[in-house]
Amino acid sequence: MVLRCKDEGIGISPEQQKHVFDPFFTTKLGSGTSGLGLAIVYRIVRSNLGGQITVHSQINEGTCFEIRFPCDQLP
């Protein structure tokens with residue numbers, strides 16, 4: 001099963017894409033964000049659901065997160 005979430009926003013730089021799933025990574029330091037959201041999603045998808053999550057993004061074209069998980073692992 002594949003789940004895609006895509007936007008048409010400003011995109012994520014290639015350097016930042018390398019770190020979006022790292023705990024405490026944030027580009028908005030000091031604005032109340034912890035940088036844990038995508039790290040938690042990554043752990044749930046990989047550990048709990050046996051799936052994979054990837055990010056594809058281009059500056060000024062938007063970002064797409066793709067989650068793939070095997071159907072036999074779904075509750």
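How many aromatic pairs does a search of the whole structure find? Two. Rings of Phe, Tyr and Trp (its six-membered ring) pair if their centres lie within 6.5 Å; planes under 30 degrees apart count as stacked, over 60 as edge-to-face and the rest as tilted.

Before the tour, note that this is a predicted model, where local features need pLDDT of at least 70, side-chain atom pairs count only at pLDDT 80 or more, and totals for chains, interfaces and linings use all residues. Residues are numbered from 1 along each chain as its sequence is written, and side-chain values use heavy atoms, without hydrogens and water.

**Stop 1: the rings.** Select phenylalanine 21 and tyrosine 42. Their ring centres are 5.3 Å apart and their planes at 35°, so this pair is tilted. Phenylalanine 21 is buried at 16% relative accessibility, while tyrosine 42 is partly exposed at 32%. Buried means under 20% relative accessible area, exposed over 50%, partly exposed in between (1.4 Å probe, protein chains only).

With phenylalanine 21 it forms an edge-to-face pair, 6.2 Å centre to centre and 75° between the planes. Phe21, Tyr42 and Phe65 form one aromatic cluster.

**Stop 2: the core.** Select Ile12, Val20, Phe21, Val45, Ile53, Val55, Phe65, Ile67 and Phe69. These nine residues make up the largest nonpolar core, meaning buried Ala, Val, Leu, Ile, Met, Phe, Trp, Tyr and Cys residues joined through side-chain atoms within 4.5 Å.

**Stop 3: valine 45.** Its contacts (heavy atoms within 4.5 Å) include Ile53 and Ile67, not counting residues up to four places away in sequence.
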